[in-house]
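Let's walk through this model together, one question at a time. Have a look at the chain first, and then we'll go through its parts.

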Amino acid sequence: MGQPGAGVVALVFQAGPLFCALPLAEVIETMRPLPTRPLAGTPHYVRGLTILRGEPSPVIDVTRLLTGVTSEIDRYVAVRAGRGPVACATGPVLSVQTVHAMPPEGPSTMFTGASRSLVAAVGRFGTEPLLLLRSIRTVPDEVWEAAAQEAGTGVPA
């Protein structure tokens, strides 16, 4: 994340009631929500599969992942993940700006589960708390396997 105090250039967006940011280096593009096919048997935060640049890709509902509830989806933010691109379903994209966030030994130590693996640090967006997210790595293997199957057959899994 760079040197302490230097900040991170990040894409700032809303996810339900939360303000979040992803490091700009991890963002591929933003777009309107694309048609998404649901997948049975996946975690509640996986909305399904969509086609990004010709390839099947998982869609992660960031609000549902972080809060457990759903909210309106305004944008898909495509990010680089370990096994391929992932579409993050979010609320409105607000800006690109330098984000200053507290190191992990601050308030982010209170997170558990998926939130702990996703939230790198906590900063501010105006007077509101801002969650600086790290790479989306919470996509289960089964979802990647379904995406690979769809890519191989051209037929939904």
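Q: In which loop does Glu26 lie?
A: Before we start, this is a predicted model, where local features need pLDDT of at least 70, side-chain atom pairs count only at pLDDT 80 or more, and totals for chains, interfaces and linings use all residues. Residues are numbered from 1 along each chain as its sequence is written, and side-chain values use heavy atoms, with hydrogens and water left out. Strands here are DSSP runs of E with at least two residues, and helices are runs of H or I with at least four, numbered from the N terminus. Glu26 lies in the loop between strand 2 (18–23) and strand 3 (27–31).

Q: Does Glu26 count as buried or exposed?
A: Buried means under 20% relative accessible area, exposed over 50%, and partly exposed in between (1.4 Å probe, protein chains only). Glu26 has 19% relative accessibility. Therefore Glu26 counts as buried.

Q: Which residues is Glu26 in contact with, leaving aside neighbours within four places in sequence?
A: Contact means heavy atoms within 4.5 Å. With those neighbours set aside, the partners of Glu26 are Ala78, Val79, Arg80, Arg134 and Ser135.

Q: Which residues touch the most other members of the largest nonpolar core?
A: A nonpolar core is a set of buried Ala, Val, Leu, Ile, Met, Phe, Trp, Tyr and Cys residues joined through side-chain atoms within 4.5 Å. The largest one has 30 residues, and those touching the most other members are Ile60, Leu66, Val79, Val86, Leu133 and Ile136.

Q: How many disulfides does the rule give?
A: For Cys88, too, the closest cysteine sulfur, in Cys20, is too far for a bond. By this rule the count of disulfides is 0.

Q: What separates the C-alpha atoms of Ala15 and Asp61?
A: Ala15 is found in strand 1 (residues 8–15) and is buried, with a relative accessible area of 0%. Along the chain, Ala15 and Asp61 are 46 residues apart. Their C-alpha atoms are separated by 8.6 Å.

Technical notes
Disulfide = S-S within 2.5 Å.
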